Structures are given as C-alpha cells and as structure tokens.
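Here are my notes on the model, point by point. Please read them with the structure open.

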Amino acid sequence: MKKKWMIAMLGTLAGIGAAQAEDMEQKFREMVDRSFQSRGIAGKERMLQLDFQRVCSRLDAGDKVDFATLEALRKIQQDTIRWPADGNFFGDWKRGEAIAQSGRGLTWSDKPGTVNGGGCYNCHQLDPKELSFGTIGPSLTGYRKMKGVSEESVRYTWSRLWNAKALNLCTTMYRLGDAGILTEAQLKDVMAYLFDPESPVNKDAK
Amino acid sequence: MKSKAMKAAGWAAAVGWSLCASLALAQEVDTTKGIEEYRRMIQDGNPADLLAMEGDEIWTTSYGPKQQSLAQCDLGLGPGVVKGAYARLPRYFADTARVQDLESRLMTCMQTLQGVDPEKIVKEDFLKGERLRVAKLVAYVVTESQGETIAVDTAHPKMQEMYELGRRMFFYRAGPMDFSCASCHGADNQRIRLQDLPNLTKQKGAAAGWGSWPAYRVSASQFWTMQHRLWDCFRQQRLAEPIYGSDATVALSVYMAVNANGGEMMTPGIKR
C-alpha cells in the first residue's frame with residue numbers, strides 16, 4: 001500500500017514545476033519559523049542553516065548535487081582549520097579520556113558555561129574495555145598502531161577533529177574545533193588519548 | 001482491570017532486570033526478536049496500563065469550564081470512537097482544516113468540548129498540569145490500538161504536503177553539531193552507545209520506532225508521549241525547542257507513520 005502511494009507521490013513530484021518547488025520551500029521555511037522557540041542556551045537562530053548544512057541535507061534526502069558545488073564548500077571548510085598556536089599537538093590522555101566519555105553540552109538543559117564533552121563514545125569504539133560505544137563512526141581502538149605517529153598522521157587527525165567536514169563535507173562527525181565544541185587545550189587532550197602509548201586506546205588494544 | 005493494575009505495579013522490579021540484560025545484547029537483537037521480547041514483557045503488564053486506566057476515566061469524566069466529558073471527541077473514526085483510532089493517525093481533519101497528530105487533536109477536543117485553552121497546554125512542561133492529563137489520555141487511546149495495523153491514509157493533498165514537509169524536516173541539518181534526524185536514524189544497524197537507532201527512512205525501522213511509541217521509560221519511571229520523544233531528540237540534536245503540537249512535529253510524525261504503514265502498533269511500548 002505504501003509502495004503504491006510512493007509511486008503516486010513520485011509521479012506528482014515529477015510533475016511539479018520549479019514554481020511549485022519554490023512554493024514548497026517557502027512553506028517549509030514558514031513551518032520551521034513558527035514551530036520552534038528559544039530555550040535556555042539553545043536559541044532559535046540555531047534553526048538557520050549554514051551553506052554546507054543546506055547542501056548536505058539535500059544530498060541526504062536524495063537530491064542530486066553537482067561535484068563542483070560540494071568541492072567548493074569543502075574547500076571553505078578546509079580553510080577553517082587552525083593549528084595549535086604553540087606547535088604542540090598533545091595534552092594529557094587522562095583528561096582526554098574524560099572528554100571522550102562526556103557527551104555533555106550545548107543542549108537547552110545545559111547551563112551557560114557548561115564544559116562541553118567530545119561525545120566520542122557515542123559514535124566510536126576507543127578503549128577496548130569500554131563496552132558502551134556507538135557505531136556511527138569507525139572503531140578507533142589501537143589508533144596509534146593503526147595510523148602511525150608520523151607528522152602527517154598527527155596533522156591528519158588534528159584536522160579531522162578540528163573540522164571533519166574539511167575532508168568529507170557531509171560526514172556525521174561534528175566540527176569539534178571549528179564549531180567551538182571543544183577548546184584547543186581539550187583537543188590536545190583528546191589527541192593524547194588517541195596517540196599516547198600509555199592510553200588504554202593503545203595499551204590495551206590487541 | 002484490577003489484576004492488570006497489580007501486575008503493572010509489580011512489573012518494574014521483575015522486568016527491570018531482564019531489560020538490562022537485553023540492553024547489553026542490544027546489538028544482536030534484531031527487530032523480530034525485539035518484537036518477541038516486547039510480547040513477552042507486556043505479558044507481565046506494562047506500567048503504562050495504570051496511566052491508561054486513569055486516561056480512560058479522564059475521557060469519560062466531565063471537566064473544564066463547559067463541564068463536559070470527551071466522550072464525543074472525534075479522533076478520525078467518528079465521535080467517541082477510540083478503538084483503532086491511533087493506528088490511523090496523524091490524519092487530515094476537516095473541522096480544523098489541519099493535519100493533526102493525537103496530541104494536537106486531543107487539545108482540539110479539550111478546547112471545543114470542555115473549554116480548556118490549548119495555549120495553556122502548549123506553554124506547560126511535559127508531565128505537568130494539563131499536559132499530564134493529555135499524556136494520560138494518550139496512554140488510554142494508544143492502548144486501544146495495540147495490535148492494530150498501522151494504516152495512515154495519504155489520499156488527502158494536505159497529508160501529501162505534510163509528508164513532504166516532514167521529509168524535509170527529517171533531513172534538515174542545522175545547529176552547532178550539524179545534525180539532522182537522519183544523522184542518527186538514517187542508516188541500518190547504528191547505535192549511540194548501546195542504544196539501537198532504528199532506520200526511520202525504511203518501513204522496517206519506521207514500524208519498529210513509530211509502532212513502539214508512546215512508551216513507558218523504565219530508566220525514568222515515566223510515560224512519554226510521541227511529542228515528548230521528539231522533543232528530547234531535538235534536544236539531543238542541539239536545536240531550539242520544538243513547540244508542543246507544532247506543525248514541524250506533526251509533519252515528522254506523518255513522515256514516520258506513513259513510512260511505518262503496514263507495521264504493527266505495539267503501543268504503549270516499553271523502553272529502557
């Protein structure tokens with residue numbers, strides 16, 4: 001029954017002209033505008049989309065987006081990357097562990113000034129002893145051995161963390177540095193958690 | 001009725017355990033097994049049954065400035081028909097000229113029959129005041145669709161429009177984490193920590209997700225309506241707060257319910 005309807009729907013969509021598509025977009029914007037309100041630190045302006053968010057939404061929804069558009073937006077993301085001011089990429093892996101475990105921050109139930117977590121375990125396996133891990137991202141267990149500790153590998157990882165969209169525009173991983181979710185010092189701690197031979201991510205990996 | 005209530009009361013202690021165990025195995029439990037597990041659990045009684053009974057009473061009791069009951073409330077199948085109504089919601093209602101989900105429809109009934117101001121409910125918090133009354137009514141209404149086939153009618157042009165608006169909302173990335181619903185519910189076999197995330201873009205996942213809400217949440221000892229579920233997902237998405245019963249929330253419900261068509265209504269659900 002659903003299939004039949006979907007086909008009918010596709011038929012109508014194919015028949016829709018540019019003007020009607022524009023009309024639907026207008027209706028959508030008005031719906032978003034009247035359906036949300038600011039609460040706590042989560043202001044209504046969060047409902048506005050950045051350029052790449054809009055294009056990635058279209059791509060996710062099955063629309064065709066040309067490669068040149070995606071590549072131009074990716075380059076803009078690449079330009080956001082900031083390297084550590086003092087040239088040192090590593091902090092304390094123990095603090096990094098706490099940051100990877102914590103998914104706190106940025107919701108309307110968080111108070112202003114809450115220290116954000118990285119939420120890494122929501123999406124990644126890291127310490128092999130931690131059984132509560134998500135599967136949206138790849139496993140990072142044994143990261144040091146997997147990636148090596150060359151300068152290239154270290155810079156690659158930093159840029160991933162700073163802005164994952166710089167490499168893969170429409171990835172689900174958020175922009176930890178660029179969006180101000182973690183501070184530079186926190187990112188260094190997370191880097192240590194990934195690379196330090198004493199970190200459980202590496203020490204306990206088989 | 002009484003024995004059902006007793007079962008429900010003793011339930012949390014007995015089943016809380018097996019639910020923990022089932023959570024650890026979450027990745028191995030596929031949808032079919034999940035449904036079997038659900039059937040096994042509700043045999044022991046769902047704590048939401050208590051609320052459903054309260055809701056049944058609220059439905060038939062005179063209330064509000066107009067001192068009327070909700071017995072004449074039309075949930076789409078005619079005045080007073082509750083059985084099977086939830087499996088066919090959301091739907092287009094000619095009297096309000098709107099597509100409505102269960103909660104926005106209940107607000108309409110409370111307004112027209114009882115004189116209760118919907119704006120008051122919209123401004124309240126979940127599990128408080130009038131909105132708690134709505135939740136109890138929801139528990140009652142969805143229990144009356146348990147085991148029914150999800151059959152949302154998409155013939156009306158307004159329904160088709162809401163489906164398309166809901167689809168756009170579902171894929172709408174925004175906020176500091178660039179998330180959309182699809183970030184968490186757009187692929188098969190994904191988990192956040194140990195929580196399984198149904199793929200709501202496909203029939204199987206939508207039937208599992210839509211068909212098992214509203215639900216009793218064991219970890220919080222609370223009954224959550226679908227509006228409550230969506231509200232918390234928007235919170236996790238780091239977006240602004242969706243207004244209770246707003247069109248964006250109804251459109252998302254249309255999107256999920258239509259995708260779930262043909263599935264089984266397993267309401268009220270039981271969740272972690």
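1. Helix conventions. The expected span of a helix is 1.5 Å times one less than its number of residues. Helices (H or I, at least four residues) and strands (E, at least two) are DSSP runs, numbered from the N terminus. This is a predicted model, in which local features need pLDDT of at least 70, side-chain atom pairs count only at pLDDT 80 or more, and totals for chains, interfaces and linings use all residues. Residues are numbered from 1 along each chain as its sequence is written, chains are lettered from A and ligands numbered from 1 in the order in which they are written, and side-chain values use heavy atoms, with hydrogens and water left out.

2. Helix α4 of chain B. This helix covers residues 102-114. Its 13 residues should span 18 Å at 1.5 Å a residue, and the end C-alpha atoms are 17 Å apart, which agrees. How many of the residues of α4(B) are buried? Eleven of the 13 are, so α4(B) is mostly covered. Here buried means under 20% relative accessible area, exposed means over 50%, and partly exposed lies in between (1.4 Å probe, protein chains only). Just after α4(B), Gly115(B) takes a positive phi of about 80°.

3. Helix α4 of chain A. This helix has twelve residues, 67-78. From first C-alpha to last it reaches 16 Å, close to the 16 Å expected at 1.5 Å a residue. Its buried residues are Leu70(A), Leu73(A), Arg74(A) and Gln77(A). Seen down the axis of α4(A), they fall within an arc of 105°, so they line one face of the helix. The arc is that of the directions from the helix axis to the C-beta atoms. On the other side of α4(A), Ala68(A) and Ile76(A) are exposed. The buried residues of α4(A) pack against α3 (51-60) of chain A.

4. The interface. In chain A, 55 residues are in contact (heavy atoms within 4.5 Å) with 45 residues of chain B. The two chains bury about 5000 Å² between them, 57% of it on carbon and sulfur atoms. Buried area is the accessible area (1.4 Å probe) that two parts lose on being put together, summed over both. The rule finds 30 residue pairs in polar contact across the interface, both residues at pLDDT 80 or more. A polar contact is a pair of N or O atoms within 3.5 Å; within protein, one must be able to donate a hydrogen and the other to accept it, and residues adjacent in sequence count only if both atoms are side-chain atoms. On the side of chain A that touches chain B, α1 (2-15), α2 (18-35), β1 (36-37), α3 and α6 (120-123) each supply at least two residues. The largest share of that side, eight residues, comes from α2(A).

5. Salt bridges between the chains. Eight cross the interface of chain A and chain B. The criterion is a side-chain nitrogen of Lys or Arg within 4 Å of a carboxyl oxygen of Asp or Glu. One salt bridge joins Asp125(B) and Arg39(A), at 3.7 Å from N to O. Over all chains, the whole structure has 34 salt bridges.

6. Lys129(A) forms a salt bridge with Asp204(A), the closest N and O atoms being 2.5 Å apart. Which parts of the chain does the pair link? Lys129(A) is in the loop between α6 and α7 (143-147), and Asp204(A) is in the segment after α10 (200-203), 75 residues apart. Lys129(A) is exposed, with a relative accessible area of 55%. Asp204(A) counts as partly exposed at 31%.

7. At 3% relative accessibility, Glu164(B) counts as buried. Its side chain meets that of Arg167(B) in a salt bridge of 3.1 Å, N to O. Both lie in helix α7 (residues 157-170) of chain B, three residues apart, about one turn of the helix. Glu164(B) also forms a salt bridge with Arg168(B), with closest N and O atoms 2.8 Å apart. Salt bridges that share partners join Glu25(A), Arg29(A), Glu164(B), Arg167(B) and Arg168(B) into one network.
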